[in-house]
Amino acid sequence: MSGSSGVLADRTNLKINPARLWDSLMEMAKIGPGVAGGNNRQTVTDADGEGRALFQSWCEAAGMSMGVDTMGNMFATRAGTDPDALPVYIGSHLDTQPTGGKYDGVLGVLGGLEAVRTMNDLGIKTKHPIVVTNWTNEEGTRFAPAMLASGVFTGRHTQEWAYGLTDAEGKTFGDELKRIGWVGDETVGARKMHAMFELHIEQGPILEAEGRDIGVVTHGQGLRWIECTVTGKDSHTGSTPMNMRKNAGRGLALITELVHEIAMANQPGAVGAIGHIDVYPNSRNVIPGKVVFTVDIRSHLPEKLHAMQAELMERAPKLCEEIGVTFEAKISGQFEPPAFNETLVGAVRSAAERLGYSHMDIISGAGHDACWINDVAPTAMIMCPCVDGLSHNEAEDISPEWAAAGTDVLLHAVLETAQIVD
């Protein structure tokens with residue numbers, strides 16, 4: 001994967017058009033507006049279809065050709081000089097949470113478009129084609145799981161299974177994709193890649209707190225979702241003596257503290273918490289007889305991830321037994337930590353240094369399409385700060401300067417990988 005770093009060293013003034021990038025972000029944000037200043041452009045809704053059409057029009061105006069596969073993934077191609085060279089992909093997503101922000105995913109897609117527009121402005125040619133990609137249903141809110149179409153692309157899921165997923169109203173993903181007119185004719189997963197870059201907001205507070213312009217993403221976190229059931233006996237809160245209770249809620253409390261203890265003992269580089277909780281019978285004057293909840297533990301270090309899971313599964317049943325309740329658990333979601341390609345990570349790091357942007361290595365705390373594409377092609381990620389680390393919220397915010405810096409680094413890393421032809 002030879003590059004053009006020597007050529008780029010003489011082109012440190014090669015930067016994107018920040019105003020044009022910001023204008024594009026604001027124009028896309030007009031589609032599927034939220035109720036509090038953000039966006040509600042959920043996957044395969046009418047708003048998603050409208051956003052796709054706008055993106056396609058911009059890509060075609062930039063001289064790119066559009067391909068769409070049977071999962072609705074969009075691929076806008078800028079030709080390279082070598083017809084046999086595999087493309088360099090730039091990808092993220094245009095769909096949002098129901099109460100999402102204007103930048104999560106969208107920056108990566110429109111930053112890729114801006115990189116191509118800048119190449120066009122400056123008459124830059126590359127050996128490898130460049131493809132700007134909008135991956136379908138990254139958020140996974142309307143149709144779970146997240147990163148759905150990139151998961152089908154890489155073979156983690158089957159298309160048949162994905163098409164059959166239903167939303168809260170019983171509508172299927174396949175029917176809704178067809179309804180909005182974005183079922184393409186390409187076989188999903190048939191495309192081959194030289195490399196892929198994904199630009200994304202951090203969705204966490206580290207870069208802003210450290211005063212860094214760029215996050216050089218070296219790894220994604222591995223994940224375990226462990227669905228736990230604690231069973232006791234529901235009984236009257238007023239008339240059941242304290243020493244005769246089988247309180248499933250107490251088991252939940254003990255395990256909540258256990259998860260925190262295990263995560264803290266594995267610092268740095270590990271996190272854990274309990275998110276979704278169902279309490280039965282969930283009545284104010286009944287001691288809970290059953291609690292079902294999900295433990296979420298993550299680490300970019302496989303040995304820590306496995307050790308945390310093992311410790312939880314060993315200690316939780318004993319804690320429950322001591323208070324007269326039972327514990328059962330099953331894995332409801334999991335993936336191993338992805339390590340991004342060292343050569344591409346190096347291209348991101350050297351681009352930030354060459355352009356004079358402050359940077360630091362960082363681990364992606366959230367899942368992204370790049371984590372799946374990493375299975376089938378060399379992949380890297382670039383992150384820019386977001387205010388207070390807030391994301392999946394309509395108040396999500398970044399500065400134009402952060403957006404421009406991340407896209408400048410994206411441009412240089414892509415050009416190094418795609419090889420400038422003079």
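**From the domains to one spot**

Guide: The domain assignment divides the protein into domain 1 (4–220 + 337–418) and domain 2 (222–335), with bounds that come from an automatic or database assignment. The model is predicted, so local features are used only at pLDDT of at least 70 and side-chain atom pairs only at pLDDT 80 or more, while totals for chains, interfaces and linings use all residues. Residues are numbered from 1 along each chain as its sequence is written, and side-chain values use heavy atoms, with hydrogens and water left out.

Taken over C-alpha atoms, the centres of the two domains are 36 Å apart. Their contact (heavy atoms within 4.5 Å) involves 8 residues of domain 1 and 8 residues of domain 2. Between them the domains bury about 600 Å², of which 73% is on carbon and sulfur atoms; buried area here is the accessible area, found with a 1.4 Å probe, that two parts lose on being put together, summed over both. On the side of domain 1, Pro337, Ile363 and Trp372 supply 58% of the area that it buries against domain 2, more than any other three residues.

Now to the close look. An unreviewed UniProt entry lists His93, Asp104 and His200 under "binding site"; such positions are given in the numbering used here, the feature names are shortened, and annotations may be inferred rather than shown by experiment. Although these residues span 108 residues in sequence, no two of their C-alpha atoms are more than 9.7 Å apart, so they gather at one spot. His93, Asp104 and His200 are included in the lining of the largest pocket. On a 1 Å grid over the protein atoms alone, a pocket is an open set of points with protein on both sides within 12 Å along at least five of seven lines, and a lining residue has an atom within 4 Å of a point.

The same annotation name in the unreviewed UniProt entry also covers Asp104, Glu139 and His392. These span 289 residues in sequence, yet no two of their C-alpha atoms are more than 9.6 Å apart, so they too gather at one spot. The lining of the largest pocket includes Asp104, Glu139 and His392.

Begin with His93, which is in the loop between strand 3 (88–92) and helix 4 (106–122); helices (H or I, at least four residues) and strands (E, at least two) are DSSP runs numbered from the N terminus. His93 counts as buried because its relative accessibility is 0%, where buried means under 20% relative accessible area, exposed over 50% and partly exposed in between, for a 1.4 Å probe and protein chains only. A polar atom of the His93 side chain lies 3.0 Å from the backbone oxygen of Asp95. Leaving aside neighbours within four places in sequence, His93 is in contact with residues including Asp104, Glu139, His200 and Asp369.

His200 belongs to strand 6 (residues 195–201) and, at a relative accessible area of 1%, is buried. Its side chain and that of Asp104 are joined by a polar contact of 3.0 Å. A polar contact is a pair of N or O atoms within 3.5 Å; within protein, one must be able to donate a hydrogen and the other to accept it, and residues adjacent in sequence count only if both atoms are side-chain atoms. Not counting residues up to four places away in sequence, His200 touches several others, among them His93, Asp104, His368 and Cys384.

His392 also has a polar contact with Asp104, the side chains being joined at 3.3 Å. His392 is in the loop between strand 15 (379–384) and helix 13 (400–418), and its relative accessible area of 41% makes it partly exposed. Beyond four places in sequence, His392 touches Gln97, Thr99, Asp104, Glu139 and Gln203.

That leaves Glu139, in the loop between strand 5 (130–134) and helix 5 (148–153), which is buried at 9% relative accessibility. With neighbours within four places in sequence set aside, Glu139 is in contact with His93, Asp95, Thr96, Gln97, Asp104, Ala146 and His392. Asn137 lies in the loop between strand 5 and helix 5 too, and is buried at a relative accessible area of 1%. The side chain of Asn137 reaches the backbone oxygen of Phe143 at 2.9 Å, and Asn137 also has Asp95 and Ala146 among its contacts, neighbours within four places again left aside.

Notes. 1 Å grid on protein atoms, 1.4 Å probe; cavity = no way out; pocket = protein on both sides within 12 Å on 5 of 7 lines; lining within 4 Å.
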